[in-house]
Amino acid sequence: MMRFLDMGGYYPWVWPSYAVTFVVMGLNVYWAKRLLTRAQRTALRRLQMQEES
Amino acid sequence: MAWTWFHRLASPPYLYRTARRLTPWFAWPAALLILAGLIGGLWLAPPDYQQGDAYRIMYVHAPSAWLSLMVYTIMAVAGGIGLIWRMKAAHALAAAAAPIGASFTLATLVTGSLWGKPMWGTYWQWDPRLTSELLLFFLYLGYMGLRAAFEDLQRADRVSAVLAVVGVINVPIIHYSVVWWNSLHQGPSVMYLGKPTMPPSMLVPLLMMFLGFTLFFAAVLMVRLRAEVLIRERRAHWVEEEIGA
């Protein structure tokens, strides 16, 4: 296991590369969901305002 | 008949529903392929005879770089379609794709830097491949900045589409930079005419990661696309049917 984590001595570059990539992927999922939720909420509010007026 | 699907996709409600239906079909295969690619690339593939285990950065760097180029090309094509046929759906697609492309371009630059340090002895060189990739990142930022600068969405769509179309000239420059000029960056090893230069034990996980990243992009794009469609169509009656319940 330690040999795997050590990556032949290249661990300071290999693991941060994977970390950066998966942080980018996680943020993409989070941002996309947030954007959709906000767009849905805005559309819903507009619909409710239309009904009230 | 062959173009019917294309015309149907121009319809916002159809596009919204299609994007919603397609999301899990992209997301789950993406997750499985990336997981399999990780096991293959980090565990099963042997160390490289020259680079040792440092070459394993390739399994995240190369698919990120592929996305950075592919996404920009998609934006340029969508932007062109939006400009020529005045198709709102095409502009929505380009706008939805841009942040994903920008983030993977940044990932390409950072992982490339991290790979460069142990291999070249430096995090950065003003090398043709690196410089043109950095330029691509600025093109993405320019595209998003330009969109944010206009309050009128239609104007933002048109102006940013022009930048996407003009900027696409950088895509072949990035791809062929390692062939056209002397570059520290290694030459193409997979996506090149002829045989790949790596054994199947290294190549198969890489191809899995390429496909996994591409499907991941498609899944995220579908979610963002629905948001972009809603932003453009918030006064339409079909929106009430979709989210009014």
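Two residues are said to be in contact when their C-beta atoms, placed from the backbone, lie within 7 Å. With that rule in hand, we can begin with how the two chains meet in this predicted model: the contact takes 27 residues from chain A and 34 residues from chain B. Sorted by class, the side of chain A that touches chain B has 19 nonpolar residues, together with six polar and two charged ones.

We can now turn to chain B itself and follow one of its helices, H3(B), which covers residues 58-85. After H3(B) comes B:Arg86, a residue whose phi is positive, near 50 degrees.

How does H3(B) lie against helix H7(B), and at roughly what angle do their axes cross? The axes of H3 and H7 (residues 170-180) of chain B come within 10 Å and cross at roughly 155 degrees. Because angles over 145 degrees count as roughly antiparallel, H3(B) is roughly antiparallel to H7(B). The crossing in which H3(B) passes H7(B) is left-handed. On the side of H3(B), the contact is made by B:Leu69, B:Tyr72 and B:Thr73, while H7(B) contributes B:Val171, B:Ile174 and B:His175. Divided by class, the residues of this contact between H3(B) and H7(B) are four nonpolar and two polar, with no charged residue.

Conventions
Residues numbered from 1 in each chain as written. Chains lettered and ligands numbered in written order. Predicted model: local features only at pLDDT ≥ 70, side-chain atom pairs only at ≥ 80, totals over all residues. Axes fitted to C-alpha atoms, helices over the stretch in contact; angles between N-to-C directions. Helix = DSSP H or I, 4+ residues; strand = E, 2+ residues; numbered from the N terminus. Parallel < 35°, antiparallel > 145°, perpendicular 65-115°, else oblique. Left-handed = near helix turned anticlockwise from the far one by under 90°. Nonpolar A, V, L, I, M, F, W, Y, C, P; charged D, E, K, R; others polar.
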